[in-house]
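Here's a quick tour of some ring contacts and a few secondary-structure details. Have a look at the model first, then read on.

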Amino acid sequence: MFKILTTGFWEAVARLILRNKIFIIIAIILATIFFSTQWKYMQFSTTEANLLPDDHEINLVYNNFLEIFGEEGNLVVLGVKDSTIFTVKQLNAWNKLADSFKDYKEIDAVLSIKDLKKLVKNTEKERFDLEPFIKDSISNMEEILKLEDELFKQYPFYDNFLFNAETKTLRTALYFKKDIINTPARKIFILDVLQKKIDAFEVQTGLDVRVSGMPYIRTLSSQSIIDEIPIFIGGALFVTSFIFFLFFRSFRATFISLIVVCIGVMWTFGILGLLGYEITVLTALIPPLIIVIGIPNCVFLINKYQQEVKAHGNKVRSLQRVITKVGNATLMTNVTTASGFATFIFTESTLLKEFGVVASLSILAIFLLCLLVIPIMYTFLPYPKERHLEHLNKRWIGRFVGWMESMVKNKKITIYITTLILIITSIIGVYQIKISGSLIEDMPQDTEFFNDIRFFESEFNGIMPLEILIDTKRKKGVMKLSTLKRMDELEQLITEIPELSRPISVVSLVKYSKQAYYNGNPKYYQLPTSQENSFILSYAKNSTSNSDMLSDFVDSTGQYARITTFMKDIGTDKMERIEEDLQNKIDKLFPKERYEITITGKALVFQKGTKYLVKNLMISLTLAIILIALFMAYLFRSFKMIMVSLIPNLLPLLITAGIMGYIGVPIKPSTILVFSIAFGISVDDTIHFLAKYRQELQANNWKIRKSVYGALRETGVSMIYTSIVLFFGFSVFTISSFGGTVALGALVSITLLFAMLSNLLLLPSLLLSLERNIANKEVLREPSIDIIPSDDDEKTTGNKEK
């Protein structure tokens, strides 16, 4: 009864669509106009993707640090490594470039060589005075030689901050105002002011200026994402439509498909604007993803229409049967695909939730568009020409399907042995996979800003801030000599870690104060003794300059201090080792009853976020498998059928994971997405095959072999078509400059290729081998939803209508 109602429902849907086509077209146009009005609300992300929930402990610690010391990721650095910089003309030009940024409202402070000042002991007033190394401008080489001697040999306080004493690389630091660092104003300034000034300076001086820092990296990286969106969309449209045309040899069918997916992309952008979501590296993938997923829908619908026209030549009846016979199957497959993406909603990551919401809604929208637009457009078009139907008799597809049928019929043992070998080999590969938390690993590696990151890593040991927050639990506890000594010991460990830069803290300032007290003698750049401390502090208290410098390292109460270091871009394994070494040293140096020490900073937040995200993605993949298993159970009412259907879809995921292990592709946010996406799409083929198989069983009096081969022949062509479209469609992502997107495209393509072969070879082989257990009327009961209505169902419904 439910089956008849289901068929009757789709008959009613077909009549509704075909009889109200003008109204539906107007409704689609109005909906498209509405979604296009939402585009103005789309925003490109101006912040780093926070992979952790807001209430996660790591985020709470980091936000507490920001409340005490303010935004830490507001530094942009300019660097030059060139011997000619130490000439009068070039050094003055370098300092002039730095000065030119000071008047901009977006800049909070600028520090260059010209801004450096030395602490000078004023015995008369018992205080420290600040005197510039360069009073106005350089006038001769003698001044440059004196400057080099002072900076590179006499004042270690500044070493590795604005210069590298060994390589004589110079830096200029630009501190952006904290209230604009996460706004579009940052992007405008970097692209329209900073870059243009640097380009003009390079032309004028012939120097190669390197630029880096988190605001700069974020801006250039997000601009690369923006630049790639039209490339992805254009590439996906071209590749999928070209393959579509090769299959169907029809400009008409290709044009209709392009209209459908283009409207789908417009709706996707509208959904992003309507929900107020930012365009991130993940959500930027959804528009081309919709094209790649939408074209197979068009393949199924148009292919069925042409088959029906060729069979009986009645256009209206053909369109009606397209909706009734393929509509339900396409709905089921799109629901399973959308479900795969919707599982991301259950993660705790905002980034993944937004991706899951927009992707699943867009997939359902493209299904609706395909079901409505394609039949309606064909009602206005003439019958397909003979050449448009030639693809139905393509010999190469027939030969390929015949080869698969022969393999299933005669070489099941070969298929099983091959499967077993692949499983064992893949499991070995899986154990070689590593987790990566690299911030820049997926960034465009052929860009200038990526090379600049590597330059600063080499010269200054990184640009990713790592912070150690020291809470002394009492006011003015930081300046206690015992605290300073503990901090100094911890800094010595940091200095010994090659992945970390020389730390900066109040300890350096106190050492510098002692050096100044002893008239700038560099051998006194060390912590004072308890006796010296009282004399030096009396000088420091009388110096307003010292209190200004102190504010960067100690809070106003004197209870909190920070140790700032910069970290090279390293993987999760090394980061965990460094964190463990630091924590062990902290536990030994700082008694817990007197101090509370936390390690934080953007570097650590990103590393922890990556690990958390990978864990959440594994949960979402498990949810996707469970959800689709329940869906299959509802369809087929058979536990054994669930197991048979899952095996061919889990095998490709295992093979892909094995390949990742062997070729060294780590598990990271971009690559872990592969499994959920591929599983959600590949299970579609299984649903089509099993639905046809059940139908063949009923038509062939439960003759197993005949039904398996019939289902293989019937569904094989469409599955091959769609798999080819999906393979080349996802391959478009390999043209990206982002390593993660390239890996995503390549791995999904490979997984879907294996999924096609698995569903066309392993699945029918399992059905034949387990025929006694699963292929009987008790096991394959009447399904809850009749995915593919049989001809008998249609006749019954048709007779009732008559």
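Predicted model: local features only at pLDDT ≥ 70, side-chain atom pairs only at ≥ 80, totals over all residues.

## Rings, charges and covered elements

Phe238 and Phe242 sit four residues apart in helix α7 (residues 214–248), so about one helical turn separates them.

Phe242 comes out as partly exposed, with 43% relative accessibility.

Searching the whole structure turns up 20 aromatic pairs. Here are two of them, side by side.

| Pair | Centre to centre | Angle between planes | Geometry |
|---|---|---|---|
| Phe133 and Tyr155 | 5.3 Å | 85 degrees | edge-to-face |
| Phe238 and Phe242 | 5.9 Å | 10 degrees | stacked |

Why does the Phe238 and Phe242 pair count as stacked? Planes under 30 degrees apart get that label, and the planes of Phe238 and Phe242 are at 10 degrees, so the pair qualifies.

Now for Phe133 and Tyr155, which link distant parts of the chain, 22 residues apart. Phe133 belongs to the loop between β5 (127–132) and α5 (141–154), while Tyr155 is in the loop between α5 and β6 (163–164). Are they buried or exposed? Both Phe133 and Tyr155 are buried. They also belong to an aromatic cluster, which they form with Phe157 and Tyr512.

Rings meet charges here too. Lys121 lies over the face of Tyr517, 4.0 Å from the ring centre. Lys409 has its charged end over the ring of Tyr709, at 4.9 Å from the centre of that ring.

On to a helix with a kink. Where does helix α10 (residues 315–342) bend? The bend is at Val326, by about 40 degrees. Helix α10 is also mostly covered, with 23 of its 28 residues buried.

Last, a pair of strands. Strand β10 (residues 464–471) runs antiparallel to β12, and the two pair over five bridges. One of the residues to look at is Ile468, whose bridge partner in β12 is Ile599.

Notes: Residues numbered from 1 in each chain as written. Heavy atoms only, no water. Pairing = 2+ DSSP bridges. Bend = angle between axes of the 7 residues up to and from the residue. Buried < 20%, exposed > 50% of the residue type's maximum accessible area, 1.4 Å probe, protein only. Phe/Tyr/Trp six-rings, centres within 6.5 Å; stacked < 30°, edge-to-face > 60°. Lys NZ or Arg CZ within 6 Å of the ring centre and 35° of its normal.
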